[in-house]
Amino acid sequence: MERALAVPRLPPHDPGTPALSVVDMHTGGEPLRIVLAGCPEVVGPTLLAKRRYMRQHLDHLRRRLMFEPRGHRDMYGAVLVPSELPDAHLGVLFLHNEGYSSMCGHAVLALGRFAVDFGLVPAPPAAAREARVNIHCPCGLVAAFVECEDGRSRGPVRFHSVPAFALATDLLVDVPGRGKMVVDIAYGGAFYAFVSAEKVGLDVCSAKTRDLVDAASAVTEAVKAQFKINHPESEDLSFLYGTILTDGKDTYSEEPTTNICVFADEQVDRSPTGSGVTARIALQYHKGLLELNQTRAFKSSATGSVFTGKAVREAKCGDFKAVIVEVSGQAHYTGTASFIVENDDPLRDGFLLK
C-alpha cells in the first residue's frame, strides 16, 4: 500500500518576503503568468500612474517572476490592480522581459477566462452562453466576451479593442546591413512596425527563429532611430513595441495569413499576437484591403496557432480615423505555483542569458 503524501507546504524561505502565488495559462502557446497573491500594493491614482510606480519601485518583482530560474526570457505576466474606471471589472499591468507593455491581446483572452473562473466578475447565470469582462489595460478599456457553460468559462474568448489606426504607411527606413525598405506602422493598443519577411530575405513560414528575430530587431531599432512615434492622446503610449514580420498576404483571403512578432528585448510571441492582429486589421482596413465585419485568420509561424480578427466599427483616436477590432482566440490553464526567495540567494531576483 502506498504511503500518502504530506500536504504540500512551502520550503524554507525568507519569512519577510511573501510568497508570490500565480496561475499560469497560455493562449496559442504564448504564456501568461497571473499574480494571485504576494505582490505589494501598486500605488497610483490612475492605471498609467500605477504602471510608472511599479517600474520605479517594484521592478524586482517583474524580474523575479519573468526571468530565470522561475521564468525565461520569453515569459509574460500580469499583475491585477484596481482600476479608476467605474465600468472596469479589473485593471492589469503587463510584464515582459524588458518592462511593461501598454496592451496584450493574448493576455486579455486568457484574463477573460480567469476573471470568470476566479470570481472577478458576477457569476453568469447557468443558462448564459457568454459573460462580458471589462479589462482596464494601460491603453484603455477593453471588453472581453467569454463563452460559458454552467457558469464556467469554456471555448474561445473574443475581445473588442481600443481604437486602432494606421500611423504611417510606406515609410522608407534604412536598416543597417539590410538596406532601405518600406515599412508600415500601426497601433492596436501598442505600436508595431510591419514588413514582409520577403523584404529581409526570409520566408516567415520556414526560416529559423533566430534569423527572424535578428531581422525584426534590426527593423525595430532602425524605426526607433529614424521615426518618432506619437500617440495622439498619451505620451505613455508613444513608443514602438516591436516589429511583426508577415508573409505579405495583406489582400483579403479566406486562407490564414502568417506572421511572427518580435517585441521588447527580442522576445518572441508564440501566438499570432492579439494587439498585433488588431493593428494589422486596422492597417488593412486603412488600405482598403478589408471591409467591416470581414473576418481574417492570422497564424503564428512559431506554433501554428490561429487567431481571427475583424474590424467591427469605425472610430476615432485624436485626428486619426480608427476602427474597433474584434480578436478571437483560445486560452488554456497550465498550472499554479508559489515562488519564494531565500536571503542568501545571489540570484533571487532572476537573470537572463543573452
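How many of the residues of helix 3 are buried? Select helix 3, residues 105–117, in this predicted model. The answer is 13 of 13, so the helix is mostly covered, buried here being under 20% relative accessible area. Now look along its length. At 1.5 Å a residue, its 13 residues should span 18 Å, and the C-alpha atoms at its ends lie 19 Å apart, which agrees. Just after helix 3, select Gly 119, where phi is positive, at about 75°.

**The two domains**

Next, colour the chain by domain. The domain assignment gives domain 1 as 20–161 + 333–339 and domain 2 as 162–327. Their centres, taken over C-alpha atoms, are 23 Å apart.

Turn to the place where the domains touch. The size of an interface is often given as the accessible area lost when the parts come together. For domain 1 and domain 2 the buried area is about 2400 Å², and carbon and sulfur atoms give 49% of it. On the domain 1 side 30 residues are in contact with 33 residues of domain 2.

Between the two domains there are four salt bridges, and 17 residue pairs are in polar contact. On the side of domain 1 that touches domain 2, the elements giving two or more residues are helix 1 (47–57), helix 3, strand 7 (140–149) and strand 8 (152–160). Strand 8 gives the most to that side, with four residues.

For a salt bridge to display, pick Arg 73 and Asp 265. Their side chains meet at 3.6 Å, N to O.

**Asp 74 and the loop around it**

Move on to Asp 74, in the loop between helix 2 (59–66) and strand 3 (77–81). Asp 74 has a relative accessible area of 11%, so it counts as buried. Draw a line from its side chain to the backbone nitrogen of Val 268: the distance is 3.1 Å. Leaving out residues up to four places away in sequence, Asp 74 touches Glu 30, Pro 31, Glu 266, Gln 267, Val 268 and Arg 270.

Stay in the loop between helix 2 and strand 3 and select Pro 69. The peptide bond joining Glu 68 and Pro 69 is cis, with omega about 5°.

**Backbone angles to check**

Most residues other than glycine have a negative phi, and most peptide bonds are trans.

- Glu 266 lies in the loop between strand 13 and strand 14 (267–268). Its relative accessibility of 31% makes it partly exposed.
- Asp 170 has a phi near 55° and is likewise not a glycine. Asp 170 is in strand 9 (residues 165–175). With a relative accessible area of 56%, Asp 170 is exposed.

**Last stop: Asp 250**

Which residues does Asp 250 contact, leaving aside its neighbours within four places in sequence? Select Asp 250 in the loop between strand 12 (240–246) and strand 13 (257–263). The residues in contact with Asp 250 are Arg 280, Gln 284, Leu 289 and Arg 296. Asp 250 is partly exposed, with a relative accessible area of 23%.

Key: Residues are numbered from 1 along each chain as its sequence is written. This is a predicted model: local features need pLDDT of at least 70, side-chain atom pairs count only at pLDDT 80 or more; totals for chains, interfaces and linings use all residues. Side-chain values use heavy atoms; hydrogens and water are left out. Buried means under 20% relative accessible area, exposed over 50%, partly exposed in between (1.4 Å probe, protein chains only). Contact means heavy atoms within 4.5 Å. The expected span of a helix is 1.5 Å times one less than its number of residues. Domain bounds come from an automatic or database domain assignment. Buried area is the accessible area (1.4 Å probe) that two parts lose on being put together, summed over both. A polar contact is a pair of N or O atoms within 3.5 Å; within protein, one must be able to donate a hydrogen and the other to accept it, and residues adjacent in sequence count only if both atoms are side-chain atoms.
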